[in-house]
Every structure is written in C-alpha cells, then in structure tokens.
Amino acid sequence: MSGLATRLYNGEAGLQIVGRRKLWFGVAGGMLLIAILAMSLIGFKPGIEFEGGNEFTVPSSAGQLADVEKAIDDAILSVDPDATLVAAQQIGNTAITVRSSSLTNEQTLEVKAQIASTLKIDVDQVSGNRVSQAWGAQVTEQALIGLALFVLVVSIYLVIRFEWQMAAAAVASLAFDLVATAAVYSLVGFEVTPSTVIGFLTILGFALYDVVVVFDKVQENTRGITGSSTQTYAEAANLALNQTFMRSINTALVALLPVGGLLFIGAGLLGAGTLKDLGLVLFIGMGTAVYSSLFFATPVLVWLKEKDPKIANHTARVLARRAAPAKAPAGDLPAQAGAGAGSAAPKAGAKPTVGAKAGRPAGRPAGKRR
C-alpha cells in the first residue's frame with residue numbers, strides 16, 4: 001500500500017481522473033436523473049414527526065423489546081386494522097416506544113388499556129402522546145435555513161481562501177452529495193425523520209473537509225502554472241488528485257468505521273433504534289462525499305478554469321508545443337566537388353577543416369607552385 005501511495009504521489013501510477021471527466025460527468029448526470037425520477041415518482045417516506053401520529057411508551061421493565069413491541073402493535077391493530085406502525089425503539093435502558101399513524105382520543109385510551117393489561121403494568125405507566133406534523137415541518141424549515149447559511153458562509157470562505165471557481169465547484173459537490181443521498185432514501189424507502197434532516201447537515205461538514213484538502217493541493221500544484229510550458233492546468237490538478245487520493249481513502253475509512261459501528265452494532269445488534277436514522281444518513285452521505293470529492297469536485301473545477309482565457313491559451317500553447325514535430329537536421333551536405341572517392345562529407349554544422357579548399361583533398365597544403 002505504501003508503494004502505491006508513493007507512486008500516486010509521484011504521478012507514476014497513471015491514475016487519470018481529470019482526463020476522464022466526461023465519464024464522471026455522465027455518472028453524475030445519470031444519478032441526477034435517477035434522483036429526479038425517484039423523488040417525483042416514488043417520493044419519500046416521512047416519519048411520524050412529519051405526518052403526525054401517536055407514540056406509545058412503556059418502561060423497559062415491562063418486558064423484552066420484542067414482547068413489548070408485539071403487545072403494543074396488537075393493541076393498536078385491534079382498534080385500527082389499517083394503522084401504520086413504526087418499529088419499536090429502545091430509549092436507553094429506561095423506556096420502549098412504538099409509533100403509529102393517527103388515532104382518535106377514544107382509540108388511544110383503549111390502546112393504553114390493552115397494553116397495560118397485556119404487559120401487566122399500571123395504565124399510568126403507558127404514555128400515549130399525540131405527535132403533531134407541525135413540529136416536523138418546523139424542524140425542516142430550520143434545517144433549510146441552516147443549510148442556506150452554511151452554503152453562504154462556505155462560499156465566502158472559499159472565495160477568500162481560494163478563488164470563485166473553487167467555491168462554485170465545492171458547492172456543486174455538496175449539492176451532488178445531498179441529491180445522491182436523497183435518491184438512496186427515496187429508492188430504498190428509508191423513513192425520513194428529524195434525525196435524518198440533521199444528518200444531512202452533518203455530512204456537509206465532512207464533504208467540505210475532503211474537498212478543501214484536495215483543492216489546497218490543486219492550488220499548490222497550479223500556482224504560476226501559466227509560466228510553465230510543460231504542464232497544463234488539468235494535468236497539474238490530476239496530479240494533485242493522485243497525491244491526495246490515498247489520504248482521502250484513509251480518511252473515509254477512519255470516518256466510516258465508527259459510523260458503521262453506530263449503525264450496524266448500535267442500531268442493528270443492540271436495538272438502539274434512535275441511532276438508526278442518524279447513522280444511516282451519515283453512512284450513505286459520507287460514502288457519497290468521498291466519491292464526489294475525488295471524481296466530481298476537481299473535474300468541475302478544471303472545467304470552470306478552462307473557460308478562463310488565460311488558462312485556455314496556456315493549455316493550447318502547451319499542447320501545440322508537444323504536437324510540433326522536433327526539427328530534424330537538414331541532412332548531410334553533398335560530397336564536396338573533387339573530394340576523393342570514399343571521403344565522407346562533413347556533417348551539418350561541423351567545423352570546416354582548416355586549410356581545406358574546394359577541389360583539394362583535406363589536409364593538402366595550399367602553397368604557391370614554383
């Protein structure tokens with residue numbers, strides 16, 4: 001692995017990313033099309049916070065998670081066979097909660113009584129709260145405001161720290177991350193909760209970090225690039241991607257391992273359902289962010305930079321210099337008149353032999369005849 005990292009850093013691995021930007025743009029366009037179709041035809045599965053409903057909570061001492069979930073589900077379905085149920089969640093070591101679609105007050109009281117009877121606990125220990133969809137809408141509104149402020153501050157920072165093309169490419173990369181993650185949620189049917197919305201904002205920070213690392217190396221490699229006649233802006237940017245490739249992969253692994261543990265161990269094995277929504281969006285979003293920082297952000301940056309006349313002229317100059325065939329020697333001069341048979345003609349540019357004269361063999365003295 002260290003050998004590969006060294007070859008990548010020295011540009012010897014031949015990993016072409018910027019040179020194949022049409023391929024990456026095609027992948028991004030395909031994902032965007034799938035996302036638009038998925039969100040328009042399939043849509044999202046909103047959680048109870050967004051569409052309203054009921055939440056029933058009992059103490060953990062009432063029984064095992066599976067037994068409590070069955071008791072609550074049976075009680076809800078007995079009063080409303082068409083009710084929508086959400087998987088039970090363990091809240092720490094204190095309570096177990098199950099959410100359902102909206103029930104009337106009479107149905108809620110009946111469900112509480114059946115739960116208490118089945119689990120053999122006091123009815124006062126069963127909480128049947130009604131959740132309004134207004135709260136979820138408020139969370140979404142605040143999240144959108146936070147997203148807008150985040151993008152604004154990031155854009156200003158990148159313009160000051162780098163340049164406007166890098167700011168535009170970074171924002172495009174962040175938008176790609178959000179759209180790709182949203183498409184996965186829509187296609188797979190994951191439930192969207194306030195934790196999901198918060199997770200969307202969290203992945204932006206990770207995505208921005210990776211993009212800034214790559215762009216910092218691009219800026220280092222391309223500083224004064226127009227004064228060079230051997231390398232184009234695209235080639236210098238591609239070298240920067242090669243040099244930061246292993247760092248991005250290692251950073252992704254270090255970040256995804258704990259998130260994967262949070263999702264698969266915490267939510268899957270230990271049953272901590274409250275961690276599922278946050279862990280899921282972080283896992284998908286971080287994986288997408290690594291891809292976009294390597295295969296989308298920098299190609300977009302190069303595409304924007306090559307619209308700059310200075311960069312475009314420099315690229316054309318470098319490519320023209322490479323394409324121009326090296327001037328071949330004019331060829332050997334013809335043999336001098338009177339030269340002896342078998343004598344070689346002097347090479348082009350060779351210094352003439354001192355004392356040599358046309359019609360005389362080289363080296364014969366040119367004195368007067370007596």
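This is a predicted model: local features need pLDDT of at least 70, side-chain atom pairs count only at pLDDT 80 or more; totals for chains, interfaces and linings use all residues.
Let's start with Asn221, which sits in helix H8, a helix covering residues 194-222. With a relative accessible area of 19%, Asn221 falls under the 20% cut-off, so Asn221 counts as buried. Its side chain makes a polar contact with the side chain of Gln243, at 3.1 Å. Gln243 also turns up among the contacts of Asn221 once neighbours within four places in sequence are set aside, together with Ala236, Leu239 and Ala240.

Next comes Glu163, found in the loop between helix H6 (133-161) and H7. Setting aside sequence neighbours within four places, Glu163 touches Leu158, Tyr233 and Lys305.

Now for the surface. Leu33, Ile34, Leu37, Leu41, Ile42, Leu187 and Val188 make up a nonpolar patch, and together they have about 710 Å² of accessible area. Helices H2 (21-42) and H7 (164-188) each supply at least two of the patch residues, with H2 giving the most, at five residues.

| Residue | Relative accessible area | Class |
|---|---|---|
| Asn221 | 19% | buried |
| Glu163 | 23% | partly exposed |
| Ile42 | 54% | exposed |

Why does Ile42 count as exposed? Its relative accessibility is 54%, and the class takes in values over 50%.

Note on methods:
Residues are numbered from 1 along each chain as its sequence is written. Side-chain values use heavy atoms; hydrogens and water are left out. Helices (H or I, at least four residues) and strands (E, at least two) are DSSP runs, numbered from the N terminus. Buried means under 20% relative accessible area, exposed over 50%, partly exposed in between (1.4 Å probe, protein chains only). A polar contact is a pair of N or O atoms within 3.5 Å; within protein, one must be able to donate a hydrogen and the other to accept it, and residues adjacent in sequence count only if both atoms are side-chain atoms. Contact means heavy atoms within 4.5 Å. Patches are made of residues with over 30% relative accessible area and no salt bridge: like charges are joined within 9 Å, nonpolar side chains (Val, Leu, Ile, Met, Phe, Trp, Tyr) within 5 Å. Accessible areas come from the Shrake-Rupley method with a 1.4 Å probe; for residues, only the protein chains shown count as cover. A salt bridge is a side-chain nitrogen of Lys or Arg within 4 Å of a carboxyl oxygen of Asp or Glu.
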